Amino acid sequence: MAVFQVALVAGAPIGRFAWGGQHDVLPQKLRIGSIISILLYALFGYTALAQAGLVPVLVNQSFTGVFMWVLTGYFTLGVVMNAISRSKPERFVMTPVALVLAILFLLLSLG
């Protein structure tokens, strides 16, 4: 997802798969949103690696465990939001991506 967001920031004409699908190339405000998304996905990825025991936890294991459940909910909400998007490409491509992320985060959250 972070690589996808980098492509959006760089001006790749794939905006129909993100942010409601209203733009092929994202305008500046949405590119800023994509930059923020890149930073968040880095944090999410690190948290998942910490939960899996592959990198040190940032705060403590309890916080990481709770945050993993929050992220599981976030990606589950992403499934719903992508599924109801007006953009067909976003619905048909990003909904399954969000579903896979939600399932993976759920599995990590369960331990």
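**Exercise 1. Is Ser 37 buried or exposed, and which residues does Ser 37 contact beyond its sequence neighbours?**

Step 1. Ser 37 has a relative accessible area of 13%. Buried means under 20%, so Ser 37 counts as buried. Keep in mind that the model you are looking at is predicted.

Step 2. Now place the residue: Ser 37 sits in helix α2, which covers residues 28–51.

Step 3. Set aside the neighbours within four places in sequence, and Ser 37 is in contact with Gln 5 and Trp 19.

**Exercise 2. Where does Trp 19 lie, and what is its phi?**

Step 1. Find the loop between α1 and α2; Trp 19 lies there.

Step 2. Its phi is positive, at about 55 degrees, although Trp 19 is not a glycine. For background, most residues other than glycine have a negative phi.

Step 3. Trp 19 has a relative accessibility of 38%, so this residue counts as partly exposed.

Step 4. For another positive phi, look just after α2, where Gly 53 has a value of about 80 degrees.

**Exercise 3. How many residues does α2 have, and what does α2 reach from its first C-alpha to its last?**

Step 1. Helix α2 has 24 residues.

Step 2. From first C-alpha to last, α2 reaches 35 Å, close to the 34 Å expected at 1.5 Å a residue.

Step 3. Next, pick out its buried residues: among them are Gly 33, Ser 34, Ser 37 and Tyr 41. The buried residues of α2 pack against α1 (2–9), α3 and α4 (88–110).

**Exercise 4. At roughly what angle do the axes of α2 and α3 cross?**

Step 1. Helix α3 spans residues 61–83, and its axis comes within 10 Å of the axis of α2, with a crossing of roughly 125 degrees.

Step 2. Because of that angle, α2 is oblique to α3. The crossing is left-handed.

Step 3. Look at the residues that meet: on the α2 side they include Tyr 41, Phe 44 and Ala 48, and on the α3 side they include Phe 67, Met 68 and Leu 71.

Step 4. Sort the residues of this contact by type, and you get 10 nonpolar, five polar and no charged.

**Exercise 5. What separates the C-alpha atoms of Met 81 and Leu 58?**

Step 1. Start with Met 81, which is found in helix α3. Its relative accessible area is 49%, so Met 81 is partly exposed.

Step 2. Along the chain, Met 81 and Leu 58 are 23 residues apart, and their C-alpha atoms are separated by 29 Å.

Conventions:
Residues numbered from 1 in each chain as written. Predicted model: local features only at pLDDT ≥ 70, side-chain atom pairs only at ≥ 80, totals over all residues. Heavy atoms only, no water. Helix = DSSP H or I, 4+ residues; strand = E, 2+ residues; numbered from the N terminus. Buried < 20%, exposed > 50% of the residue type's maximum accessible area, 1.4 Å probe, protein only. Contact = heavy atoms within 4.5 Å. Axes fitted to C-alpha atoms, helices over the stretch in contact; angles between N-to-C directions. Parallel < 35°, antiparallel > 145°, perpendicular 65-115°, else oblique. Left-handed = near helix turned anticlockwise from the far one by under 90°. Nonpolar A, V, L, I, M, F, W, Y, C, P; charged D, E, K, R; others polar. Expected span 1.5 Å × (residues − 1).
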